[in-house]
Amino acid sequence: MQSAPRSIALIDCNNFYVSCERIFRPDLLTRPVIVLSNNDGCAVSRSNEAKALGVKMGEPVFKIRDLVREQGIEVFSSNYVLYADMSNRVMSILGQFSPMQEVYSIDESFLDLTGFTDIQERSRAMRERVYRDTGIPVCVGIGSSKTLAKLSNFVAKRHPRSNGVFNINLLCQRQVNSVLKNIPVEEIWGIGRRLTTALNGMGIESVLQLRDADVASMRNRFGVVMEKTARELRGDACIELEEVAPAKQQIINSRSFGQAVTEMEDLQDALAHFVSNAAKKLRDQNSIAAMMQVFIMTDRFREDRPQYCPSVTIPLTTPTANSMSLQSWALVGLKSIYKPGFYYKKAGVILSEICDSSIYQGDLFAAEIEHPALMKTLDAINTRYGKGTLKLSQDGSRQSWKMRQEKKSPEYTTNWEELPICG
């Protein structure tokens, strides 16, 4: 007796940032809405109405100012605190529908539904439950591999008859071929622009053509990742669910400034803030870092100004996740590369050579004092009372470099001062 195929579900929030904004602004449910990237630069989330007006993903907002005004498009700055909180609520609900869940991104989650006899009903129930409890619309795609689940979700979002749920496992082979034939190869998970161009040059333009391509040839030309993709399209689950996210081997924290800065003090303040964020991520995964890179850069789009984009790599004497130690080394690095007379637009820190803090043997003669209890207390207070409640003195004390967010909505769900009020 042949066993039933594996059933992997990919649940994706529809136009997630826009959907978060609409929860507390029901007047926007049928209006075109876009959410902008850092410093209000480009459109990174668009409602279906905005897409219909021709607003492209990543389009700079200054290019569509006339369209925004003429069509009454509502524009929001990114409200990451709100989006993160709503994501946590959605993922918590989805986790109740399967014992195996992988939170893939802020708006996507994989669930293993293999063995359930009510997959279709369960999928519809999770859509209804998420919308009822959070107001966020989601679509569900189901396949025998993660790659097929992604493609099924693509169909669920675009095919009206699916009603937001599409299970490719329920189709006969002829129907599967028809579906895959009509999806362009660039829609496959992990196939970017360069791979699309290369595959198109080989005559592979649809998902079906890649599925039926010679696996050995694909591996020889593009590597093992492409081989796994081709096998996943055939229903072989080569990419397993990761219930526990693997520890990051590199942590980057950087940001473009709301306006250019010139003073060392402003760069020190910004860099101290970025280091604190990176150090917190290290501690969250119980890791320490042995290498740090510090960089600053001018605005490459300002051709009327001199350009300077230096960086410095610092091997740490003792691997650490201590914010104070990392800030101290970062500021030493900054002083070595800073030059006056330039308009700096971005700065950041990269932590690497990361290992598990529990297996590293410390240096008996190291001069640094790690204060693990102090860092633990710092994290505990900020977890309980909100990020930034307690911080080091130089962490974000100045405001000149802060990100531009001229159209940011309130933090409705996490800030007592910004709770929605019924009129």
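Predicted model: local features only at pLDDT ≥ 70, side-chain atom pairs only at ≥ 80, totals over all residues.
Me: How many residues line the second largest pocket, and which lie nearest its centre?
Reply: The second largest pocket is lined by 41 residues, and those nearest its centre are Cys13, Asn14, Asn15, Lys51 and Lys157. On a 1 Å grid over the protein atoms alone, a pocket is an open set of points with protein on both sides within 12 Å along at least five of seven lines, a cavity is a set where a 1.4 Å probe fits but cannot get out, and lining residues have an atom within 4 Å of a point.

Me: Which elements give two or more residues to that lining?
Reply: They are strand 1 (8-13), helix 1 (16-23), strand 3 (43-46), helix 2 (48-52), helix 5 (119-134), strand 7 (138-143) and helix 6 (146-158). Helices (H or I, at least four residues) and strands (E, at least two) are DSSP runs, numbered from the N terminus.

Me: Which helix gives the most to the lining?
Reply: Helix 6, with six residues. Helix 6 has 13 residues and reaches 19 Å from its first C-alpha to its last, close to the 18 Å expected at 1.5 Å a residue. The expected span is 1.5 Å times one less than the number of residues.

Me: How many residues of helix 6 are buried?
Reply: Eleven of the 13, so helix 6 is largely enclosed by the rest of the structure. Buried means under 20% relative accessible area, exposed over 50%, and partly exposed in between (1.4 Å probe, protein chains only). One of the buried residues is Thr147, which has 1% relative accessibility.

Me: What does Thr147 touch?
Reply: Leaving out residues up to four places away in sequence, Thr147 touches Ile188, Trp189, Glu232, Leu233 and Ile239. Contact means heavy atoms within 4.5 Å.

Me: New topic: where is Thr196?
Reply: Thr196 lies in helix 8 (residues 193-201) and is buried, with a relative accessible area of 8%. Its side chain reaches the backbone oxygen of Gly192 at 2.8 Å. That is a polar contact, a pair of N or O atoms within 3.5 Å; within protein, one must be able to donate a hydrogen and the other to accept it, and residues adjacent in sequence count only if both atoms are side-chain atoms.

Me: Now helix 13. How many residues does it have, and what does it pack against?
Reply: Helix 13 (residues 323-337) has 15 residues and reaches 21 Å. Its buried residues, Leu326 and Leu334 among them, pack against helix 12 (264-284), strand 10 (287-298), strand 11 (311-320), strand 12 (344-356) and helix 14 (372-385). At the start of helix 13, a side-chain oxygen of Asn322 comes to within 2.8 Å of the backbone nitrogen of Met324.

Me: Which residue other than glycine has a phi near 50 degrees?
Reply: Glu353 has that positive value. Most residues other than glycine have a negative phi. Glu353 is found in strand 12 and counts as exposed, at 53% relative accessibility. Asn286, which is not a glycine, also has a positive phi, of about 55 degrees, and is found in the loop between helix 12 and strand 10.

Me: Last one: what lines the largest cavity?
Reply: Thr298, Asp299, Arg302, Arg305, Pro306, Gln307 and Tyr343. The volume of the largest cavity is about 30 Å³, and the structure holds one cavity of 30 Å³ or more.

Key. Residues numbered from 1 in each chain as written. Heavy atoms only, no water. Points joined across faces, edges and corners; volume = space filled by probe spheres on them.
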